[in-house]
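Please look at the model below with its aromatic residues, its core and its sheet in mind. The report that follows takes these topics in turn.

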Amino acid sequence: MLKLIQPISKKNQVVLAIKEAILSGSIKPGDQIVESRIAHQLGSGIPLVREALIELEHHGFVQKTPYKGTTVTKLGPKEIRENFQLRAELEALAVEWARDNVTSADIKDLRKLITRMEQSAAELDLDEFYQSDLEFHRKLWSLSGNTYLADVLERMVVPLFAFFVMKTRRKKESYVASAVMHGEIVSALETKSAAELRELMRDSLKGWTDDMLDLLFAEPDKGIATINPDI
């Protein structure tokens, strides 16, 4: 059965083109993105590329550094371990605080996101799985009621998620198991004590670190990003 044609803006076309180039490996982690070169290759204006990069930064695929410009997100083993070490503590705190604020409507929203994760896991639609997973965590951070904590987790976790999407491919069973684990967290929000909930989140994150490090590819060489003009 044919899918309906979806209207898509020029900016979103640029976003998708750059994102697909990153996920396919045409643009590698650590590569510098030169706005004028990307604009020329895509036949678009520099302001449009700039807007697209802002959105991709929001999703963690690129990082902007003062005086250095924009590069594709790249993390080393030491950075990932340190990130997970801190994330395990902060996200455990976030879910503990979320327990006091969560409503039945919030639980319903979280379960809908888990359903989306399950569906995308079954289809191995990794981009949709990543988006649903990230929305799930963002919902928990928001429910903590602490905007500072949510902001720190946003800046820590979003590039981490994007880097794993770029660099790892797991078996379908791993994605399904991840969705199940998220379901256990939602159930715990309704039934477990604060201490039990905090420990569940901490353990789930610590157990994932070594698995992800084992799946990462060898670090690629740095270079200048290029992209196929397929808009």
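Tyr130 is buried, with a relative accessible area of 3%, where buried means under 20% relative accessible area, exposed means over 50%, and partly exposed lies in between, as computed with a 1.4 Å probe on protein chains only. The model is a predicted one, in which local features need pLDDT of at least 70 and side-chain atom pairs count only at pLDDT 80 or more, while totals for chains, interfaces and linings use all residues. Residues are numbered from 1 along each chain as its sequence is written, and side-chain values use heavy atoms, with hydrogens and water left out.

Rings of Phe, Tyr and Trp (its six-membered ring) are taken as a pair if their centres lie within 6.5 Å, and planes under 30 degrees apart count as stacked, over 60 as edge-to-face and the rest as tilted. By this rule the count comes to 4 aromatic pairs. One of them is the edge-to-face pair of Phe61 and Tyr130, with 5.7 Å centre to centre and 75° between the planes. This pair links distant parts of the chain, since Phe61 lies in the loop between α3 (46-58) and β2 (62-65) and Tyr130 in helix α6 (residues 126-143), 69 residues apart. Phe61 counts as buried, at 0% relative accessibility. Ring pairs also link Phe61, Tyr130 and Phe161 into a cluster.

## A second aromatic pair

Phe61 is buried at 0% relative accessibility. Phe129 and Tyr175 form another edge-to-face aromatic pair, with 5.1 Å centre to centre and 75° between the planes. Here too the pair links distant parts of the chain, with Phe129 in helix α6 and Tyr175 in helix α8 (residues 172-191), 46 residues apart. Phe129 counts as buried at 4% relative accessibility, and Tyr175 is buried with a relative accessible area of 5%.

## Nonpolar cores

A nonpolar core is a set of buried Ala, Val, Leu, Ile, Met, Phe, Trp, Tyr and Cys residues joined through side-chain atoms within 4.5 Å. The largest such core has 60 residues, of which Ile18, Ile22, Phe61, Tyr130, Leu140 and Leu189 touch the most other members. Helix α7 (residues 147-167) supplies the largest share of this core, 13 residues.

With contact meaning heavy atoms within 4.5 Å, Ile22 touches Ile27, Phe61, Val62, Val72 and Met166, not counting residues up to four places away in sequence.

Helices (H or I, at least four residues) and strands (E, at least two) are DSSP runs, numbered from the N terminus, and the protein chain has 9 helices and 3 strands. Two strands pair if DSSP finds at least two bridges between them. The strands form an open sheet of 3 strands in the order β1-β3-β2, with antiparallel pairing. Because β1 and β2 stand at the edges, each with a single partner strand, one side of each is left without a neighbour in the sheet.

Strand β1 (residues 32-33) pairs with strand β3 (residues 69-72) over 2 bridges, and the bridge partner of Ile33 in β3 is Thr70. In β3, Thr70 is also the bridge partner of Lys64, while 4 bridges join β2 to β3. The two strands β2 and β3 form a hairpin with 3 residues between them, and Tyr67 in the turn has a positive phi of about 70°.
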